[in-house]
Amino acid sequence: MILENDMTPEIDPVKYGVLWQKVQDMDKKMDKMEKQMELLLDMASRSKGAIWLGIGLWSFLTGVVGFFFGKH
C-alpha cells in the first residue's frame, strides 16, 4: 500500500504480523522434521547392524549344522 507522495511503500503491521507468525510456525515444523529425520537415520543405522549380525549368525549356524550332518 502506498500512502506517501514520494512513492515509499508502507509496511502493513497486520500483514507483517501474519507473515511473521507463518514463518515462526514453519520454523517449528522444520525443527520437528529435522529431529524425526535424525531419529529415522539412527534407526536405519541400528537395523543395518542387526541385519549383518543376523546374516553372520545364520551363516555360522548353517555351517555347524552342515558340518555335523554332512558327509565326512
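Where does Leu-41 lie? Leu-41 sits in helix α1, residues 13-69. Helices here are DSSP runs of H or I with at least four residues, strands are runs of E with at least two, and numbering starts at the N terminus.

Some ground rules. This is a predicted model, where local features need pLDDT of at least 70, side-chain atom pairs count only at pLDDT 80 or more, and totals for chains, interfaces and linings use all residues. Residues are numbered from 1 along each chain as its sequence is written, and side-chain values use heavy atoms, with hydrogens and water left out.

Now the overall picture. The protein chain has 1 helix and 0 strands. Of its 72 residues, 0% are buried. Buried means under 20% relative accessible area, exposed means over 50%, and partly exposed is in between, with a 1.4 Å probe and protein chains only. The chain exposes about 7300 Å², and carbon and sulfur atoms supply 69% of that. Areas come from the Shrake-Rupley method with a 1.4 Å probe; for residues, only the protein chains shown count as cover.

Back to Leu-41. It counts as exposed because its relative accessibility is 52%. It also belongs to a nonpolar surface patch of about 510 Å², made with Met-37, Leu-39, Leu-40 and Met-43. Patch members have over 30% relative accessible area and no salt bridge; nonpolar side chains (Val, Leu, Ile, Met, Phe, Trp, Tyr) are joined within 5 Å, like charges within 9 Å.

Next, charge. Asp-27, Asp-31, Glu-34 and Glu-38 form a negative surface patch. Asp and Glu count as negative, Lys and Arg as positive; His and the chain ends are not counted. The charge is placed at CG of Asp, CD of Glu, NZ of Lys or CZ of Arg. Glu-38 lies in helix α1 and is exposed, at 55%.

How many salt bridges are there? The count is 1. The rule: a side-chain nitrogen of Lys or Arg within 4 Å of a carboxyl oxygen of Asp or Glu. Asp-42 pairs with Arg-46, closest N and O atoms 4.0 Å apart. Both lie in helix α1, 4 residues apart, about one turn. Asp-42 is partly exposed at 44%; Arg-46 is exposed at 55%.

Last, rings. The whole structure holds 2 aromatic pairs. One of them is Phe-67 with Phe-68, edge-to-face, 5.4 Å centre to centre and 75° between the planes. Rings of Phe, Tyr and Trp (its six-membered ring) pair if their centres lie within 6.5 Å; planes under 30 degrees apart are stacked, over 60 edge-to-face, the rest tilted. Phe-67 is exposed at 53%, and Phe-68 is exposed at 60%.
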